Amino acid sequence: MANKTGPSPVLYFVVFLILAAVGYWFLSSEEQTAQITPNGAIAPQPEAQATSGPSTSTPTLPSAPLAQTPARSDTFSLLASVPANTSVRIDGSTSMVTINQNLKQGFERQYAGTNILAVANGSERGIQAVQQGNADLAAISRSLTPQEKAQRLAVVAIASDRIALVVGIDNPYTGGMTQQQVQQIFQGQITNWQEIGGPTGPIQVLNRPSISGTHQAFQEIVLNGGNFGNSPNITTLPRDETTGMLRQLGRNGIGYATYTQVANQQTVKTLPIDGMMPDHPNYPLQRVLSYAYQQPPNPAVQAFLGYAISPQGQQAMLSGSN
């Protein structure tokens, strides 16, 4: 009779090794795809994480150099309701008067019983008002300085803007300019229209006061941080006032302003720079308009900025609240 024998011991050993290897691989894979949090829950991995709730990021601004705007740790979102007695005080750039008014109308319409008080004494004075507690927000048309950032000021970018070069409607000059020519004019190196292809005649330069954010942005963008000239043909105006500057242009004057303030003016001509008008996407003289506030933001500032960067606020800012 033949002896009955079971599976070879060697076979058992091979099967054991295979099962052990499979188990080790499974446990190792689990350790790489899940981590245990201190409270015993399984923490999701970065690729599985999702965000929820309303977006608090600053909206994309067309052609705006957002990389140059200071980073901030605060985030803002559109609030469902705001206390009826909420009041926001704004001071700052004359370039943002229209934006302030449009956002004021939209905010007060969105939240009944609220009140926005907006004045325009220039970017510099707006920042000082915030630092002194006399304003909640500074409407600024320049970047914050390192010193201002060190004093816990932060900004939220609101819109992009273009700086336009303008001459009087009766000025016989009909050409454009290069950025270098603009720089040389405002630094007193070019003083006659003939030097840039126009008829013979002195160039009367009208400069904005140093408290103007547009002045400071022009100095940064056009003059590359250099100084304005001090030649006799350059006049610095006593007030940061676009309307007053436009009235003084005459036949030989040249000045600069935010494009939205002069685009529809019938008494001035806007000059192309490097062959481009201010409404061209690649127009070279662009900047970011922002609101500056003292950190941490108070509830009124949080409410207003949350509205300003929301789709509702952006629509109101660009076209009014109607």
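Are Phe-76 and Tyr-293 buried or exposed? I looked them up, and both are buried. Buried means under 20% relative accessible area, exposed means over 50%, and partly exposed lies in between (1.4 Å probe, protein chains only).

**Ground rules.** I am working with a predicted model, where local features need pLDDT of at least 70, side-chain atom pairs count only at pLDDT 80 or more, and totals for chains, interfaces and linings use all residues. Residues are numbered from 1 along each chain as its sequence is written, and side-chain values use heavy atoms, leaving out hydrogens and water.

**Whole chain.** I found ten helices and eleven strands in the protein chain. Helices (H or I, at least four residues) and strands (E, at least two) are DSSP runs, numbered from the N terminus. The protein chain has 322 residues, and 44% of them are buried. I then checked contacts, meaning heavy atoms within 4.5 Å. Of the contacts with a separation of 6 or more, 76% join residues 24 or more positions apart. The accessible surface is about 17,200 Å², and carbon and sulfur atoms hold 53% of it. Such areas come from the Shrake-Rupley method with a 1.4 Å probe; for residues, only the protein chains shown count as cover.

**Aromatic pairs.** I searched the whole structure and got twelve aromatic pairs. Rings of Phe, Tyr and Trp (its six-membered ring) pair if their centres lie within 6.5 Å; planes under 30 degrees apart count as stacked, over 60 as edge-to-face and the rest as tilted.

One of the pairs is Phe-76 with Tyr-293. The centres are 5.6 Å apart, the planes stand at 90°, and the pair is edge-to-face. Phe-76 sits in the loop between strand S2 (42–43) and strand S3 (87–92), while Tyr-293 is in strand S11 (residues 286–294). The pair links distant parts of the chain, 217 residues apart.

Why is the pair of Tyr-291 and Phe-304 edge-to-face? The ring centres are 5.6 Å apart and the planes are at 80°, so the pair is edge-to-face. I placed Tyr-291 in strand S11 and Phe-304 in helix H9 (residues 299–308), 13 residues apart. Tyr-291 and Phe-304 are both buried. They also belong to one aromatic cluster with Phe-107, Tyr-111 and Tyr-307.

**Gln-151.** I found Gln-151 in the loop between helix H4 (146–150) and strand S6 (153–168). Its relative accessibility is 44%, so Gln-151 counts as partly exposed. Leaving aside residues up to four places away in sequence, Gln-151 touches Gln-131 and Gln-294. Gln-295 is 144 residues from Gln-151 along the chain, yet their C-alpha atoms are separated by 8.9 Å.
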